[in-house]
Amino acid sequence: MIDFKENKRISVAPMIDWTTADFRYFARLFNPDIHLYTEMISTSAILKGDADYILRHDDIEHPIVLQLGGSDPSEMARCVQIADDMGYDEFNVNVGCPSDRVQHNKIGACLMAEPSLVADMVRAMKDATSKPITVKHRIGIDTFDSYEFMRDFVEQVMNAGCRHFIVHARIAWLNGLSPKENREIPPLRYDDVYRLKADFPELFIEINGGINDIDAIKTHLNHVDGVMIGRAFYHNPMLMGECNTLFGRAIPTRGQVLDALCPYLERRAGEGANLATLARHYLGLFQGLSGARKWRQELSGKRTLSIDNIRRAADEVLIMNDQK
């Protein structure tokens, strides 16, 4: 059995509008060990907005990583100090998002062209906390798509003190492709990530991109130190449950997850949250089972939902699949 706590790890990728506090709580119920990431949060949102609200999280979410979007070393450091005081476990620099909006603010994948700036951010962030600073990046951008380009980027940032890199195994086209297309059209080059680990064995290298099942996770872990998954975990959260087998744990049942989720939903409803809005994060609970479509229909497009509504819809699916 691989010692995940020391040598390997599984992470839920940062996804804007998806990896909110309400989803992260749900995700933790499937697996106590996977690392959870916030959405990408810009430095300006934290420094000019309601940081307490933006950075809120539940104790159950640990280990939790804050992904920051920014390009000013001093601002990145200030945000780390604020979030460190709020108990975050790690801090990650977004050098992977290809959208036009973040490029305009000099955030995301465009920063791969400026490794010295990313290195300066890492240094400033490390000075602000004793907790780990990590970088998530692509294998290249536009015509800068050689392995050597990525290797040189990693080497410069490594020399600033970063020891953990999460690599999305596609290049990013900064012009001409939408963020969605950038997740699908550039071909996956897993071998480049494997080669990076071979060239820098002292670094913790985590792979991301196009990984959808437990067998693929196991294959990648033969070559790198960690696997990060986004949409596959979101749309089929039981895959997070299946990852318990990698830690030598039992897979929770969907009924157990639901039983643990309901008290949280009651608390959130008491805080004034609309359960119909929160429910979008839980549509994948019964993915792959008979009745999954009906479950999604029962939770979608409603103006309001109650705990009883959610329970009733779930019980129908559980009974249909002999899991009640």
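Where is Asp 142 found? We will come to that residue in the last of these close-ups, all taken from a predicted model.

**Figure 1. Eight strands close into a barrel.** Let us start with the sheet. The strands follow the order β1-β2-β3-β4-β5-β6-β7-β8 and form a closed barrel, with parallel pairing. From one strand to the next, the twist averages 30°.

Figure 2. Five bridges join β4 and β5 in the parallel sense.

Figure 3. Now turn to residues 214–221, which make up helix α10. This helix lies across β1 (9–12), β7 (204–208) and β8, and runs at about 145° to β8.

Figure 4. How many residues line the largest pocket? There are 32, and Pro 14, Met 15, His 168, Arg 183 and Arg 231 lie nearest the centre of the pocket. The space inside is about 780 Å³. Sorted by class, the lining has 14 nonpolar, 10 polar and eight charged residues. Several elements supply at least two lining residues each, among them the strands β4 (90–95), β5 (133–141), β6 (164–172) and β8 (226–229). The helices α5 (100–104) and α11 (231–235) also supply at least two each.

**Figure 5. Phe 23 and Tyr 234 form an aromatic pair.** The structure holds eight aromatic pairs. In the pair of Phe 23 and Tyr 234, the ring centres are 4.8 Å apart and the planes stand at 40°, so the pair counts as tilted. Phe 23 belongs to helix α1 (residues 21–28) and Tyr 234 to helix α11, so this pair ties together parts that are 211 residues apart in sequence.

**Figure 6. Two loops show backbone details worth a look.** Pro 63 sits in the loop between α3 (51–54) and β3 (64–69). The peptide bond that leads from His 62 to Pro 63 is cis, with omega near 0°. And Asp 142, from our opening question, is in the loop between β5 and α7. Phi of Asp 142 is near 50°, a positive value in a residue other than glycine.

Key
Residues numbered from 1 in each chain as written. Predicted model: local features only at pLDDT ≥ 70, side-chain atom pairs only at ≥ 80, totals over all residues. Heavy atoms only, no water. 1 Å grid on protein atoms, 1.4 Å probe; cavity = no way out; pocket = protein on both sides within 12 Å on 5 of 7 lines; lining within 4 Å. Points joined across faces, edges and corners; volume = space filled by probe spheres on them. Helix = DSSP H or I, 4+ residues; strand = E, 2+ residues; numbered from the N terminus. Nonpolar A, V, L, I, M, F, W, Y, C, P; charged D, E, K, R; others polar. Pairing = 2+ DSSP bridges. Axes fitted to C-alpha atoms, helices over the stretch in contact; angles between N-to-C directions. Contact = heavy atoms within 4.5 Å. Phe/Tyr/Trp six-rings, centres within 6.5 Å; stacked < 30°, edge-to-face > 60°.
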